[in-house]
Amino acid sequence: MVLAQDEVKKQAGRRPGGGPGRGGAVRSWIRRAWPSLAVFVAAFLLWELAVEVFGISSFELAKPSEFLGEMWRSRDMLWDAAWVTTQEILYGFLLSFAIGVLLAVLIVRFGWLERALYPLIVLFQVVPKVALAPIFILWFGYGLAPKLLLIVVITFFPITLNTIVGLKAIDQDLLLLMRSVGSSRNQILTRIRIPTSLPYLFAGMRIAITLAVIGAVVAEFSGAQNGLGYLIQFASTQLDTPLMFAALTLVSLLGLILYYGMSLLEFLLRKRFPHITADTTR
């Protein structure tokens, strides 16, 4: 009887079709999210307490209550700056995605291109990107172009490398089968290699989107008239520490939102096309 009552309670949180209802989904989300939220709240409380106890000046380290208040007071200015930086990140990321995937497909499709281009790609990766920012500004001015170029240089490597690994990580028996029935290289690429590479590609995209945030801020440090990076630099010259921390907090939140947005996109794609995005390497 007790077991029957427990079963009724479990079913109460489920839809008639058997899946979790909206209430069950919310409870599940809360169960997953509360450890992270608790850590954030505890860290902010400790930060606030430490600044108060040790008597640290707000010029040196702003309390969370100070920069959260500054975020509200300067919300219009911060929103404008965040929108500018967000556009730079998204445009640069999309450009990097197109270049990275195209490069990976060409390298896997034509073996000689891998031997020719791979050292150059690795060389680009080890070049200090901060040093490139002033050069790009010298070449292209203070507009959008140098910022996009810097973001592409920073972010295309994980996309290219992960896609190459994914395109090569196919079942060799399946590859032999496709060849035995006379499939062309292009057919193998589109029907086997690209679907297999999607989990690897999304892993690279999640890394790249966080690097794109860093690239946009570094580019704005070097030369810009708006954006969160520009605002951080401006606030530091004015010794306005609460504004600087407010802009830094927005940059961090922006990176967090874009990272989980990428995870959400992967989840929706897997749900919509499970036969395409299934991880066939397992």
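Student: Contact means heavy atoms within 4.5 Å. With that set, which elements do the buried residues of α6 pack against?

Tutor: They pack against α5 (111–126), α7 (144–168) and α9 (185–222). This is a predicted model, where local features need pLDDT of at least 70 and side-chain atom pairs count only at pLDDT 80 or more, while totals for chains, interfaces and linings use all residues. Residues are numbered from 1 along each chain as its sequence is written, and side-chain values use heavy atoms, with hydrogens and water left out.

Student: Which residues of α6 are buried?

Tutor: K129, L132, A133, F136 and I137. Buried means under 20% relative accessible area, exposed means over 50%, and partly exposed is in between, with a 1.4 Å probe and protein chains only.

Student: How wide an arc do they cover around the axis?

Tutor: The arc is only 140°, which puts these residues on the same side of α6. It is taken from the directions from the helix axis to the C-beta atoms. An α-helix has 3.6 residues a turn, so residues three or four places apart point the same way.

Student: What span should α6 have, and what are its end C-alpha atoms apart?

Tutor: For the 12 residues of α6 (129–140), 1.5 Å a residue gives 16 Å, and the end C-alpha atoms are 16 Å apart, which agrees. The expected span is 1.5 Å times one less than the number of residues. After α6 comes G141, with a positive phi near 85°.

Student: What about α9, how far does it span?

Tutor: A straight helix of 38 residues would span 56 Å, but α9 spans only 45 Å between its end C-alpha atoms. There is a kink of about 45° at L198, shortly before the proline P199. The bend at a residue is the angle between axes fitted to the seven residues ending there and the seven starting there.

Student: And where does α5 bend?

Tutor: At L117, by about 40°, with the proline P119 following within four residues. End to end, the 16 residues of α5 reach 23 Å, close to the 22 Å expected.

Student: Stepping back, how many helices and strands does the protein have?

Tutor: 12 helices and 0 strands. Helices (H or I, at least four residues) and strands (E, at least two) are DSSP runs, numbered from the N terminus. Of the 282 residues, 38% count as buried. Among contacts with a separation of 6 or more, 71% come from residues 24 or more positions apart.

Student: Which residues of the largest nonpolar core touch the most other members?

Tutor: L78, I89, F93 and L228, out of 34 residues in that core. The elements giving two or more residues to this core are α3 (64–73), α4 (75–109), α7, α9, α10 (228–237) and α11 (241–272). A second, separate core of 11 residues includes F157, I164, L167 and L189. A nonpolar core is a set of buried Ala, Val, Leu, Ile, Met, Phe, Trp, Tyr and Cys residues joined through side-chain atoms within 4.5 Å.

Student: What is L78 in contact with?

Tutor: Leaving aside neighbours within four places in sequence, L78 contacts E70, M71, L228, L231, L243, A246, A247 and L250.

Student: Is A212 buried or exposed?

Tutor: Buried, because its relative accessibility is 0%. A212 is in helix α9 and touches I89, I151 and T155, not counting residues up to four places away in sequence.

Student: Now the loop between α10 and α11. What is phi of L239?

Tutor: It is near 55°, a positive value in a residue other than glycine. L239 lies in that loop and is exposed, at 56% relative accessible area. D240 is in the loop too, and counts as partly exposed at 26%. D240 and E60 are 180 residues apart in sequence and 9.7 Å apart C-alpha to C-alpha.

Student: Where is confidence lowest, and where highest?

Tutor: Helix α1 (residues 2–12) is lowest, with a mean of 47, and α4 is highest, at 92. That is pLDDT, the predictor's confidence in each residue, from 0 to 100. The protein averages 82, and 87% of the residues score at least 70. Over residues 1–5 the pLDDT stays under 50, and the model has 0 contacts there beyond four places in sequence.
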